[in-house]
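Here is a short walk through one structure.

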Amino acid sequence: MMKLSLRNRIALFTAIAAAVTIGLVFLAVYGVVFKTAYNHLDSDIQQEKKEILSSLRWAGDSILIDAMPEWEENEHLEVEVNPTFLQVVDDDGRVLFRSSNLEEDILLYNPDLTSDRFFNSLIGKKRIRQGQFPMRNETGVIIGQLTIGISQEESAIVLHNLRNILGVSFPLLLIILFAATSIATAKGIAPVQQLIQAARNIGETDFHSRLPFPENEDELYLLATTINELLQRIDHGVQREKQFASDASHEIRTPLTAIRGTLEVLLRKPREKEYYEEKIESVIHEVDRMHGILEQLLQLARLENGSIPIKPSLLDLSAYLDDLTRQWQSRLAEKGMQFAIDIQGNGFVTTDPALLGLILENLISNAWKYGGKGGEIKLIWSEDQRVLTIHDNGPGIADEHIKKVFDRFYRTDDSRSSSIPGAGLGLSIARKLADLLGLCITVMSQEGVGSSFSLTFPVLENNRFHS
Ligand code: ADP
């Protein structure tokens, strides 16, 4: 495939379309001129025929030629300019009259012709137009054939010239058209070149720059707007990633600093055994915290690059939540808390049990972490709405925080200043997992009363995974 620039491609397509149109117009013009020329010749012949027939007479079946001398005279007069050839043949094929300009030649004719006919023929090398007319007596019987020929050199010259003019002007017109369109499109796509140049100038990491808007609010303007919006999104994405990296480093640095501080204190002077044990335990605690954060970061990274496989199966929520209760037994007992499970309806869902487990682990451990001693965690399944709600009677979340709790590294000020462990990653992981499973996760909370996190399952979940 030829490599044409957009500009030349447009010019080429226009030229091809123009070639077809001009070609058709030229053909039509030539056709009309051609037809007019022959009509003109034929009407001249008709005129001639009228004059001749008016001076012919016949007696019975034989033709009497009356005004022969005048005919000759007429022909002689016209011979130089536009000679008319005449020939009268009777029914038996005898030539009754032939104009003198015919000399040796005879006009071609069809002896059995019964109606008028026009056709092209030759005399010597001359092209002539002929009309042949059967002549009838008063009773309508054909008694001879009148043939009239006139030169068509003139029309032939006209047509020939016309052909030449059209033939030469056709390619010329196309060349002019191609050049004109090419220039016009070059002008038309100049703003595109400007956009390309501007886009090139945007550096690899410089997503702050934007493309200049073209003057007219046309498709290019729209293109520039769309690209700018895309740059904006990339810019936000990059900013988010930067923020994430800095938050992540910060979260790791804090326990590292604490560990280092503790170890330095231990090194400074010899201490009691109990003191060592206490400090080493706190170091282990910080290491565990770091380990937890790294685990969560890894989980997020895996979720974000889509490398977590989904293995859905039909799940009986009653049995599933009973299992969960057993797993949580000791932790609940630690804080004197308990589960209240309420399954309204038969409670069957199709989802990946392991991934659902991760979501519930995050939600329940929050309810457990933030809920006060002796609190209750309700797990309610509503069959009608296909919603699983995890409800706690903990401190609740203030309105100003509620929108942000699913953001990475977001913790409310209270959580931050409390001793409750966490890096603000749990809910963002839960939301990503919910997205992956096609679940909708929402939160409702009232400060001082408690929080409810809801997971809405799709109604047609069977089809979702098996289709
Ligand atoms: P964290 O590791 O801090 O718990 P999450 O992403 O799980 O991170 O939660 C984000 C923030 O939302 C928490 O720091 C806390 O302030 C608030 N939060 C989450 N769940 C609850 C809850 N059940 N009750 C009160 N506050 C909650």
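Begin with a nitrogen atom of the ligand: an N or O atom in the side chain of Ser-451 is 3.5 Å away. The protein buries 98% of the 530 Å² that the ligand exposes when taken alone (areas by the Shrake-Rupley method with a 1.4 Å probe).

This is a predicted model: local features need pLDDT of at least 70, side-chain atom pairs count only at pLDDT 80 or more, and totals for chains, interfaces and linings use all residues. Residues are numbered from 1 along each chain as its sequence is written, and side-chain values use heavy atoms, with hydrogens and water left out.

A polar side-chain atom of Ser-415 lies 2.5 Å from a ligand oxygen. For Leu-427, a backbone N or O atom lies 2.7 Å from a ligand oxygen.

Now take the whole shell. The ligand is surrounded by 20 residues (a heavy atom within 4 Å). Helix H8 (353-370) gives the largest share, four residues. Helix H11 (426-437) and strand E14 (450-456) each supply at least two (DSSP runs, numbered from the N terminus: helices H or I of at least four residues, strands E of at least two).

Finally, find Arg-408 in the loop between helix H9 (399-402) and helix H10 (413-417). Its side chain makes a polar contact with the side chain of Glu-304, at 3.0 Å.

Definitions and conventions
Polar contact = N/O pair within 3.5 Å; in protein donor to acceptor, adjacent residues only side chain to side chain.
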